[in-house]
Amino acid sequence: MTVIAHELAHLSQQDLARHRDERLPVWMLEGHADWVAFQVLDLLGLQAYTESRAGIVRSVTGAVTPVEHFPDLDTLADHESWNRSVRSVPATYGQAFLAVEYLIERSSRAALVKFMELVRGGRRSAGALGRRLLDALSRVRG
């Protein structure tokens, strides 16, 4: 069920960005898809969100690579860097999930969706997102 919900989230992202998701950083797409999947599991009563989150935290803190050596989010923005990191740091999905969860907690789920819609309009690119994401989300809070 987790994989199905994760992949359906990607379809929703493509619809929001009108198939221009190459403008969104990969870490945001993957982290958001996991966040959605964990919400779905919780809503269906299959696994509490807190349990899913605890598993992610364990994968990040228990990773062979120390957290301070994880790549930064700018590095995880493009597909090539993301794929390289996923092979070398298995907790990369966890890192992306925790970053998206932080953004949602700091702004809101609606703000993140609105931000994805702004990308559809061509107002942001992956390079700019890595540097100005928190600022942009604060402006579209809602």
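Me: Is Ser108 buried or exposed?
Reply: This is a predicted model, in which local features need pLDDT of at least 70, side-chain atom pairs count only at pLDDT 80 or more, and totals for chains, interfaces and linings use all residues. Residues are numbered from 1 along each chain as its sequence is written, and side-chain values use heavy atoms, leaving out hydrogens and water. The classes are buried for under 20% relative accessible area, exposed for over 50% and partly exposed in between (1.4 Å probe, protein chains only). Ser108 comes in at 18% relative accessibility, so it counts as buried.

Me: Which residue's backbone nitrogen does the side chain of Ser108 reach?
Reply: Ser108 sits in the loop between H5 and helix H6 (109–120); helices here are DSSP runs of H or I with at least four residues, strands are E runs of at least two, and both are numbered from the N terminus. A polar contact is a pair of N or O atoms within 3.5 Å; within protein, one must be able to donate a hydrogen and the other to accept it, and residues adjacent in sequence count only if both atoms are side-chain atoms. At 3.4 Å, the side chain of Ser108 reaches the backbone nitrogen of Ala110.

Me: At roughly what angle do the axes of H2 and H3 cross?
Reply: Axes are lines fitted to C-alpha atoms, for helices over the stretch in contact, and angles run from 0 to 180 degrees between N-to-C directions. Helix H2 covers residues 26–43 and helix H3 residues 49–61, and their axes come within 8 Å. The crossing angle is roughly 140°.

Me: Which residues of H3 does H2 meet?
Reply: Contact means heavy atoms within 4.5 Å. On the H2 side, the residues are Trp35, Phe38, Gln39, Leu41 and Asp42. On the H3 side, they are Tyr49, Ser52 and Ile56.

Me: Which residue's backbone oxygen does the side chain of Trp27 reach?
Reply: Trp27 is in helix H2, and its 2% relative accessibility makes it buried. Its C-alpha atom is 7.6 Å from that of Tyr93, which is 66 residues away along the chain. At 3.4 Å, the side chain of Trp27 reaches the backbone oxygen of Leu73.

Me: Which residue forms a salt bridge with Glu101?
Reply: A salt bridge is a side-chain nitrogen of Lys or Arg within 4 Å of a carboxyl oxygen of Asp or Glu, and the structure holds two of them. In this one, Glu101 lies in helix H5 (residues 92–106) and its partner in helix H3, so the pair ties together parts that are 48 residues apart in sequence. The closest N and O atoms are 2.7 Å apart, and the partner is Arg53.

Me: How far apart are the closest N and O atoms of Glu80 and Arg84?
Reply: Glu80 and Arg84 both belong to helix H4 (residues 79–88), four residues apart, about one turn of the helix. Glu80 is exposed, with a relative accessible area of 57%, and Arg84 is partly exposed at 43%. They form a salt bridge, and the closest N and O atoms are separated by 3.3 Å.
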